[in-house]
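The following paragraphs lead the reader through a protein structure, from its overall build to individual side chains. Please keep the sequence and the model in view while reading.

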Amino acid sequence: MGGEEVLEEKTTDISLKDLSVKLEEFAKARDWEKYHTPRNLLLAMVGEVGELSEIFQWRGEVDRGLPNWEESDKEHLGEELSDVLLYLIRLADICGIDLGDAATKKIVKNATKYPPKII
C-alpha cells in the first residue's frame, strides 16, 4: 500500500459486502479491473493458498490457538489468510455470486447431508 493512509483501528465486525466494496474501490483506483477476470483471480488465490500452506509445511500438527507460535508468525499467518479471503471475495463478486448467501445455503445443505449423531 506504500505511502497511502492505512486503516489502523481494529475492525472485528466487517461484512463480506463491506470488504467487497473496499476491494472494488481499491481495484478501480489502480485501474486493475481489466486484470480481475475469474481465471486471473482464481490463479492468484491458488498462489496465496500455496503461501499459506508454506507456513504450516514443516511444523507438523499444531495446537488450536497456536500457543507456541511467535507473534510475528501469527501476524504472517493472518496476512496470508487475508490474501486468500480477499481474492475469494473478489472472485465471487466478479462471477456474480453472493458469497454470504451461497455459504449460508451450503451450511444448510451440509447439515442435511451430515446430520448430527444422536447418542
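From the N terminus on, the elements of this protein follow the order α-α-α-α. The protein thus has four helices and zero strands; helices (H or I, at least four residues) and strands (E, at least two) are DSSP runs, numbered from the N terminus. The radius of gyration of the protein is 17 Å, well over the 14 Å that the globule rule gives for 119 residues, so the protein is more spread out than a compact globule. Here the radius is taken over C-alpha atoms, and the globule rule is 2.2 Å times the number of residues to the power 0.38. Along its principal axes, the C-alpha trace spans about 55 × 40 × 30 Å.

The model is a predicted one, in which local features need pLDDT of at least 70 and side-chain atom pairs count only at pLDDT 80 or more, while totals for chains, interfaces and linings use all residues. Residues are numbered from 1 along each chain as its sequence is written, and side-chain values use heavy atoms, with hydrogens and water left out.

The surface may be considered next. The accessible surface of the protein comes to about 9700 Å², and 56% of this belongs to carbon and sulfur atoms; such areas come from the Shrake-Rupley method with a 1.4 Å probe, and for residues only the protein chains shown count as cover. Of the 119 residues, 16% count as buried, where buried means under 20% relative accessible area, exposed over 50%, and partly exposed in between (1.4 Å probe, protein chains only). Among contacts with a separation of 6 or more, 67% are between residues 24 or more positions apart; contact means heavy atoms within 4.5 Å.

H36 is found in the loop between α1 and α2 (38–56). Leaving aside neighbours within four places in sequence, H36 is in contact with A27, L41, R90 and I94. The side chains of H36 and R90 are joined by a polar contact of 2.8 Å, that is, a pair of N or O atoms within 3.5 Å; within protein, one must be able to donate a hydrogen and the other to accept it, and residues adjacent in sequence count only if both atoms are side-chain atoms.

Side chains of opposite charge can pair when their charged atoms come close. What is the number of salt bridges in this model? The count comes to five, a salt bridge being a side-chain nitrogen of Lys or Arg within 4 Å of a carboxyl oxygen of Asp or Glu. One of them joins E24 and K28, whose closest N and O atoms are 3.3 Å apart. These two residues lie four residues apart in helix α1 (residues 16–29), so they are separated by about one helical turn. E24 is partly exposed, at 33% relative accessibility.

Another salt bridge links K74 with E71, with 4.0 Å between the closest N and O atoms. Both residues belong to helix α3 (residues 71–94), where they are three residues apart, about one turn of the helix. K74 is partly exposed at 28%, whereas E71 is exposed at 57%.

In helix α4 (residues 99–113), K105 and D101 are four residues apart and therefore separated by about one helical turn. Their side chains meet in a salt bridge of 3.1 Å, N to O. K105 is exposed, with 54% relative accessibility, and D101 is partly exposed, with 37%. At the start of α4, a side-chain oxygen of D98 reaches to within 3.2 Å of the backbone nitrogen of G100.
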